[in-house]
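Please look through the model below before reading on. The paragraphs that follow go from the sheet to the aromatic rings and then to the core.

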Amino acid sequence: MPVFVYGTLTKRERVATVLGDDAHYEFAGRATLEGLHRVDGRYPTLVPGGSVDGRLLAVDAADLERLDRYEGVERGL
């Protein structure tokens, strides 16, 4: 499934570290997300308005769970 990434996960080295050696991901190309823009702070976040450039990262279900843990989804991030 495609996942839009716009911060540290645009770097191959970071993705490899987060997902591990058994991951099955690939960068599917550059992308622009319309309607949101990036705000930098302790954690980069997206807020309404504008656009943000990033990449599409194609992952399987197991890798998506790893990404969610890295991003702190269970903590509301």
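Two strands count as paired if DSSP finds at least two bridges between them. Strands (E, at least two residues) and helices (H or I, at least four) are DSSP runs, numbered from the N terminus. This is a predicted model, in which local features need pLDDT of at least 70 and side-chain atom pairs count only at pLDDT 80 or more, while totals for chains, interfaces and linings use all residues. Residues are numbered from 1 along each chain as its sequence is written, and side-chain values use heavy atoms, with hydrogens and water left out.

By that rule, β2 and β3 (residues 45-58) pair in the antiparallel sense over 12 bridges. Strands of a sheet pair through backbone hydrogen bonds, either parallel or antiparallel. Here the open sheet has three strands in the order β1-β3-β2, with antiparallel pairing. Its edge strands, each pairing on one side only, are β1 (2-5) and β2 (26-39). From one strand to the next the twist averages 30°; axes are lines fitted to C-alpha atoms, for helices over the stretch in contact, and angles run from 0 to 180 degrees between N-to-C directions.

Next come the aromatic rings. Rings of Phe, Tyr and Trp (its six-membered ring) pair if their centres lie within 6.5 Å; planes under 30 degrees apart count as stacked, over 60 as edge-to-face and the rest as tilted. The whole structure holds two such pairs. Phe4 and Tyr6 are stacked, at 6.3 Å centre to centre with 20° between the planes. The planes of Tyr25 and Phe27 stand at 85° with the ring centres 6.4 Å apart, so this pair is edge-to-face.

Phe27 is buried because its relative accessibility is 11%, whereas Tyr25, at 25%, is partly exposed. Phe4 is partly exposed at 22%.

Phe27 also belongs to the largest nonpolar core, which has 11 residues, among them Val3, Val5, Leu57 and Leu67. Such a core is a set of buried Ala, Val, Leu, Ile, Met, Phe, Trp, Tyr and Cys residues joined through side-chain atoms within 4.5 Å. β1 and α1 (12-19) are the elements that give two or more residues to this core, and α1 supplies the largest share, three residues.

Notes
Buried < 20%, exposed > 50% of the residue type's maximum accessible area, 1.4 Å probe, protein only.
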